[in-house]
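Sequence and structure come first.

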Amino acid sequence: MLTKCPRCGSEKIMQGELSGLGGLVFVPENQNGIQKKSSYISAGACKDCGAVFDITLTDKPSKLTNK
Ligand SMILES: [Zn+2]
């Protein structure tokens, strides 16, 4: 988790989730089966310049693979 804005260097950082209708999820390609695995996405945003960064899956990436 970043504590400084990579664009302007501000330390006024908000943490949040990327959200759309029903929640925005990341779904890996090349999955077998009907039930696709997916993860919600969290991100940081700068209160000074509005940059969004540090976009990260909220689940461990290993949970999204079939192996
Ligand atoms: Zn900034």
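## Burial and overall form

A residue is called buried if 20 or more other C-beta atoms lie within 10 Å of its own, exposed if 12 or fewer, and partly exposed in between, with C-beta atoms placed from the backbone. By this criterion, buried residues make up 4% of the 67 residues in the protein. The model is a predicted one: local features need pLDDT of at least 70, side-chain atom pairs count only at pLDDT 80 or more, and totals for chains, interfaces and linings use all residues. Residues are numbered from 1 along each chain as its sequence is written.

The protein has four strands and zero helices; these terms refer to DSSP runs numbered from the N terminus, helices being H or I with at least four residues and strands E with at least two. The order from the N terminus is β-β-β-β. The protein is more spread out than a compact globule, because its radius of gyration is 15 Å, well over the 11 Å that the globule rule gives for 67 residues. The radius is taken over C-alpha atoms, and the rule is 2.2 Å times the number of residues to the power 0.38. Along the principal axes, the C-alpha atoms fill a box of roughly 45 × 25 × 15 Å.

Two residues are in contact if their C-beta atoms, placed from the backbone, lie within 7 Å. Of the contacts with a separation of 6 or more, 55% are between residues 24 or more positions apart.

## Confidence

pLDDT is the predictor's confidence in each residue, from 0 to 100. Its mean over the protein is 89, and 97% of the residues reach 70 or more. Among the elements, S4 has the highest mean pLDDT (94) and S2 the lowest (88).

## Strand pairing

Two strands are said to pair if DSSP finds at least two bridges between them. Strand S1 (residues 13-17) pairs with S3 in the antiparallel sense over five bridges, and Gly16 stands opposite Ala43 in S3. S2 and S3 also run antiparallel and are joined by two bridges; here Val25 has Tyr40 in S3 as its bridge partner.

S3 pairs with strand S4 (residues 52-57) as well, in the antiparallel sense over four bridges. Ile41 has Leu57 in S4 as its bridge partner. The hairpin of S3 and S4 has five residues between the strands, and Gly50 in this hairpin takes a positive phi near 85 degrees.

## Two residues compared

Ser42 lies in strand S3 (residues 39-46). Ser42 is partly exposed, with 15 other C-beta atoms within 10 Å. Neighbours within four places in sequence aside, Ser42 is in contact with Gln15, Gly16, Glu17, Thr56 and Thr58. Leu18 is 24 residues from Ser42 in sequence, and their C-alpha atoms are 5.8 Å apart.

Asn32 is in the loop between strand S2 (25-26) and S3. Asn32 is exposed, with 7 other C-beta atoms within 10 Å. Asn32 and Thr65 are 33 residues apart in sequence, with 9.9 Å from C-alpha to C-alpha.
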